[in-house]
Amino acid sequence: MSAGHMVYDIVSLGVPFSVALLLAALGENFNQRAGVFNLGCDGVMSMGAFLAFLAPYFIRSGPIAPFTNLVGFALAAAGGALLGLLFALVTVTFRAPQGIAGIGLQLLAGGVAGTAFRHFVGGVTGVGGVATWPVPGLSRIPLLGGILFDHNPVVYLAFLAVPASSYLLHQTPWGLRLRAVGTHPRAADTMGISVPRVRYQALVLGGAMAGIGGAYLSLCQAKMFADDLVAGRGFIAVALVYFGRWSPWGIMGGALLFSLAQAFQLSIQVGGIHFPYEFAVMLPYVLVILVLALARRSRKLGPAALGRPYDREVRV
Amino acid sequence: MSRWFRLLYAATVIAIAAGAAVLAGTLVLTLIGARPLATFGVVFSGPLRDVFSATEILVRAVPLTLVALGIAISFRSGILNIGAEGQIMMGILGSSALALKLSGWPGFVLLPACLAAGALAGAAWGGIAGFLRARFDVNEILSTVMLNYIAGQLYTFLLRGPMIDPAELMTGSGTPQSMRIPRAAWLDRLVPGTRLHSGLLLALALAFLTWLLLWRTTLGYRMRAAGAGRKAARYAGVRVERSLVVAMLFAGGFAGLAGAVEVLGVHHRAIEAISSGYGFAGIVVALFGGLHPAGIVPAAAFFGLLLVGADMTQRAEGVPANMILVLQGAIILAIVSANMYLNNPYAQERAARFFRRLGLARSPAASAEEGP
Amino acid sequence: MTASLPIQDLRLEGITKRFPGVVACQRISLEVQRGEALALVGENGAGKSTLMNILAGLYQPDEGRILLNGEPVHFRTPADAYEHGIGMVHQNFMLVPNMTVAENVALGMRSAHRGLRLDLRDARRRVTEASEHYELPVNPDAQIWQLSVGEQQRVELVKTLCLGARLLILDEPTSALTPQETDDLLGRLKRMTSELSLIFISHKLNEVKAVSDRVTILRHGEVAFNGNTADHSTSELAALMTGREVTLPRNEGGGAGGRVILSLEGLKVRGDRGHLALDGLDLELRAGEILGLAGVSGNGQRELADAVAGLRPVESGSVRFDGEDISRASPHVIIDRGMGYIPEDRHHEGIVPSFSVRENLVLKDFAGARFSRHGLLRLGEMQRNASALKDRFDIRCSSTAVAAGTLSGGNIQKVILARELSRGPKALVAVYPTRGVDMGAEEFIHNQLLSLRSESAGILLISEELEEIMNLSDRIAVIYKGRILDVLASRQASRERLGLLMAGVVDE
């Protein structure tokens, strides 16, 4: 296989591979902009992947059959939202430390998904998944067409979510409140903004998006479900938010970067290059560490109140 | 607030935490159509039915104790070690590699050397995360989780490749496992006919030493200060960054030792899935034990019970063994939520006033204890 | 929010508020009429801020009620308070730093939150209107973090006015201002009373006299006095504030300065945001003297103290301590050489709150020969040390085993003082040592500083309170934008002269 061909493969694979990461990270961005980081994102994605998978797995016939994928995505979003709600209860209402609480959520959500999967489904089963919708006309552009316009609809929606997120954050009243709550919650409080309510809203939205990201994995990318389907992408999504400096566009860049690494891993195997499989799989994780180490400056640009629970009655 | 009331309060909160966990478990069990009561029955009483199962509790408790002790040290020093899974794997690799390499050596040298190798390997792995945090301010939860995945891949690679048992290659079965380690390196069995090994004594000794370290040594004081009051520690001249790295070395070392102990005491070779979630379970044990050796040891025994019981439920009630993850997650969430109340003087005051109104607690001494 | 009806009469009745371990307010009652300026006075810790936070809707009272124009009202959130026309300007500004003035105001305006698109036009208009009407120049599109402290305070005022406040509560409004800015603000406030009612919190009696019509004095959470300002002198009010005659100790002078113990030359240090907080600073501290450092906070004081303690890297220039260059030394070396430090944030920088008083007292010495042996702590010696220091420094706590974080501010400061002074330092840097501390403890701390001075240590006293600096110092240096503008002998320093220097005006 020629080098050029391989590069093309990697890049065109990179785009759809980034969707799950992108969606989860955009959701996590809302969480973090409001001042909360959810390390359970990985577990939420697992739950989303599992719930989405259930729809086509169980619904084979009947009136809903042609819409099973839609149902799957809806289920995933709902499940993710519920988990976000649970996390909000623990970190906002109970003011538990967010790091450990995130790990707890990850174990819980991942555990429930895995247990239910093992019980109801058992082995590895494939599903039809979502078909691609090439954009008429644009998808025929040589090179670029294949990279950008020949994907399933969720891909397009995910990339549209980037400017949408940016608009939501900077041009809407909700976004203004969100940013205030994440930077100076006490000031927002004195202005009559309910800090807990805004954080709950952010976490529910973030959870729903992570759930949809997981659903993408099981319905569009792998077209099946397994215990280790998510394989740490949720954590990578959290790291992406730092990497992207809490900006949807930066996050998009980061998501593409990481998915390129993953695409690279796949095409190495296909290309028959002798590179130990396990080391290729390691690549994205090593990349995360490198990126986190090099991006230390950006920490100070983040939402000032990130990670700190807010209690109005605490004597300042 | 009187001491008696504070203890009662703490007990109530822990009970609530346990209750929440049971609730979560019950919900999931009902969801998958199992019988909650029967399942919990199996989990709690099953392992106590015969000697072998009872000793299995302790067999599980040993690595749990070791991992939890290390995590307690790190948490108290202000750094959250979530990487025990990976550090355990490194410990397994280190100890079994050395055992196989020096297979001719006599036991009294080989055994301690292998234990040390395991501890060092784990410490090094943990040290990476500590260094990243100290030097680059990298969030240690993210880095240790990533290191877990990296360690997993490394482990698989080595067990399928360079460290694979030549016998496997010959028979063509290709099970990723190493050769049996020499008898000289085995930890002795304490109770014949069971898997309980002398690692138990090691774990207990280390529990004591951990207590000594944290509360009686200058090093421990330094680490606790860095964890409990980072700014003040810095102002007092404590090198906080160094403290963080040292804490991760300890945490990784303990986890690595846990891995070594599992190899040398239980399985006698490096196999896949050997760490089986001890890394995460260790976190739960540490939290449940109040990050104190005196609490960790019984908590580890309790979790050993849960783990053995969970294995049994697969056969008895058809409940998948990874149900235990659900319980662990629920317990963590419940404990950290409850802890907020335990440590928060505002909430304590509100509760005290509430109970006072109900006439259940005595009112506090007249005015504040201290003057201006 | 639209402007609400004028407030004829505001009454607080029997307000009680408890925090863990302390009753902040006990059955407090007070009253403000329309167009009146009420001064709420008391020592730090007397309960003034807590009371006003209750009025502003941030805290809930445990007992008591609030009556507005005769009607009982209940403020569950600050928004409730604003709706009734009560707005508060806090001591620590409630402004989101990376947003503009208009955005900050819009946060509180209901009309801006309607619909999908954020509309700042209304907010901008209101800001401009209020700014012109009350003569408080403010640019609606300025980013908060770029504004100076004085400008930010103006924004806070404009913000509360835009949101319809008819009664303004101001919490220590002059704490971060130069004397000239203070006079300016007080004048403005006086003029505002023609349209608004004011409650302002202060512990500075000269300001109280300048602005208020009536004064309520709180002591230990209770009302100690209520009356017309004009009828009482400052010293009478001071006596009522503390419940006794208190004269803070003065530095009587004498004692020629000894050798130079600390010398800073051309010091350049970067602040947190990357700018040069210290820009070529020169200063000399002599043994046996108290050198006061006056200046508006934010001019490099914190960076100076940190650099001297080794907590902040020195970019260029030198710091010499007793003849040795410590510019690159680590904090722990500097501590060993005999430098003491009383940090600004006593709760987070001075003590480890969850450690016991006993453990905190050895925070700098735990690894030394006295308290450890072969790496093991000598608990008995730690206990003896703690008991001795508790007595000597009058630390009020039930036992030295309690967590230091549960002590009151003044006692925490005493713990820190005890630790630092018992080490017999050659030099001591004290940053805002009596901030938030009541007069009794303040007197104690001042006495300790003076006695340290007589033991030939050099003390660098960094403070916001001009009076404290003028009372205690042998010489006074003024810091402005990272440089020392001038050093005056205490006798030659007057409030006016220092005020000008603090504002950057150097007389030729």
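These exercises work through contacts, helix packing and backbone angles in a predicted model.

Residues are numbered from 1 along each chain as its sequence is written, and chains are lettered from A and ligands numbered from 1 in the order in which they are written. Local features need pLDDT of at least 70, side-chain atom pairs count only at pLDDT 80 or more, and totals for chains, interfaces and linings use all residues.

**Exercise 1.** Describe the side of chain A that touches chain B.

Step 1. Count the residues. Chain A brings 41 residues and chain B brings 37 residues to the contact (C-beta atoms, placed from the backbone, within 7 Å).

Step 2. Find the helices. α4 (98-120), α10 (233-243) and α12 (277-294) of chain A each supply at least two residues (helices are DSSP runs of H or I, at least four residues, and strands are runs of E, at least two, numbered from the N terminus). α4(A) gives the most, with 16 residues.

Step 3. Sort by class. This side of chain A has 27 nonpolar, eight polar and six charged residues (Ala, Val, Leu, Ile, Met, Phe, Trp, Tyr, Cys and Pro are nonpolar; Asp, Glu, Lys and Arg are charged; the others, Gly among them, are polar).

**Exercise 2.** Characterise the packing of α3(A) and α9(A).

Step 1. Take the geometry. Helix α3 (residues 68-93) and helix α9 (residues 195-221) of chain A pack at about 140°, with axes 6 Å apart (axes are lines fitted to C-alpha atoms over the stretch in contact; angles run from 0 to 180 degrees between N-to-C directions).

Step 2. Sort the contact residues of α3(A) with α9(A). They divide into 18 nonpolar, 10 polar and one charged.

**Exercise 3.** Locate Leu291(B) and state its phi.

Step 1. Read the angle. Leu291(B) has a positive phi of about 55°, although it is not a glycine. Most residues other than glycine have a negative phi.

Step 2. Check the surroundings. Leu291(B) is partly exposed, with 19 other C-beta atoms within 10 Å (20 or more is buried, 12 or fewer exposed, in between partly exposed; C-beta atoms are placed from the backbone).

Key: Contact = placed C-beta atoms within 7 Å.
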